[in-house]
Amino acid sequence: MQVQKKRKPYDEINVTPMVDLTLVLLIIFILLTTAAVQGIKVNVPKASSSVSLAKPTTKAITIDDQGQIYLDTFAVTLDELESQLRTFKATTEEFPVVVKGDRVTQYGRIMEVLDVCNRVGISQLGLVSEKARPS
């Protein structure tokens, strides 16, 4: 006849699974926060068939292949662009701005224009591109 020993209740908490879970969650949090894309925050207009940016108050900024900047149809420098946008913003609080850049325009020039728009406080900003053709 075998004598069974009375088992003692297990009174210690095994923390290994909790530590593993905590470390996994910490790694996920670190990866998600460092993966955020930095850049200029813009409020781009939503695409809709009924709403169009072609309103009389819409300002068009165009950058040609030589890097020359045009506000609507008038050639301007970056300083002139900023002062004219500030003047227009003083009279019209919210107005959309559309930025059109030539295909061979240097990206840095477009970023300078976007930086001016950010300094002025323009919240409705759109970038114009051609619709991609299906291949």
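In which helix is the place of Val19? In this predicted model, Val19 sits in helix 1, which covers residues 16-34. Val19 is partly exposed, and its relative accessible area is 42%. Val19 also contributes to a nonpolar surface patch of about 790 Å².

Helix 2 comprises residues 78-91, 14 residues in total. From first C-alpha to last, helix 2 reaches 20 Å, close to the 20 Å expected at 1.5 Å a residue. Leu81, Glu82, Leu85 and Lys89 are its buried residues. Viewed down the helix axis, they fall within an arc of 95°, so they line one face of helix 2. The face turned away from this buried side carries Asp79, Thr87, Ala90 and Thr91, which are exposed. The partners of the buried residues are strand 1 (59-63), strand 2 (69-71), strand 3 (74-76) and helix 3 (107-120).

The salt bridges were examined next. Five were counted. One of them joins Lys59 to Asp72, with the closest N and O atoms 3.3 Å apart. This pair links distant parts of the chain. Lys59 belongs to strand 1, whereas Asp72 lies in the loop between strand 2 and strand 3, and 13 residues separate them. Lys59 counts as buried because its relative accessibility is 17%, below the 20% cut-off. Asp72 is partly exposed, with a relative accessible area of 31%.

Arg109 and Glu112 form a salt bridge, their closest N and O atoms being 3.0 Å apart. The two residues are three apart in helix 3, and therefore about one helical turn separates them. An α-helix has 3.6 residues a turn, so residues three or four places apart point the same way. Both partners are partly exposed: Glu112 has a relative accessible area of 35%, and Arg109 has a relative accessibility of 27%.

Asp115 and Arg119 form another salt bridge, with the closest N and O atoms 2.7 Å apart. Both lie in helix 3, four residues apart, or about one turn of the helix. Asp115 is partly exposed at 32% relative accessible area. Arg119 is likewise partly exposed, at 42% relative accessibility. Asp115 and Arg119 also belong to a network of salt bridges that includes Glu82 and Arg86. Glu82 is one of the buried residues of helix 2.

Methods. Residues numbered from 1 in each chain as written. Predicted model: local features only at pLDDT ≥ 70, side-chain atom pairs only at ≥ 80, totals over all residues. Heavy atoms only, no water. Patch = residues over 30% accessible without salt bridge, like charges linked within 9 Å, V, L, I, M, F, W, Y side chains within 5 Å. Areas by Shrake-Rupley, 256 points an atom, 1.4 Å probe, with all protein chains shown as cover. Salt bridge = Lys/Arg side-chain N within 4 Å of Asp/Glu carboxyl O. Buried < 20%, exposed > 50% of the residue type's maximum accessible area, 1.4 Å probe, protein only. Expected span 1.5 Å × (residues − 1). Arc of directions from axis to C-beta. Contact = heavy atoms within 4.5 Å.
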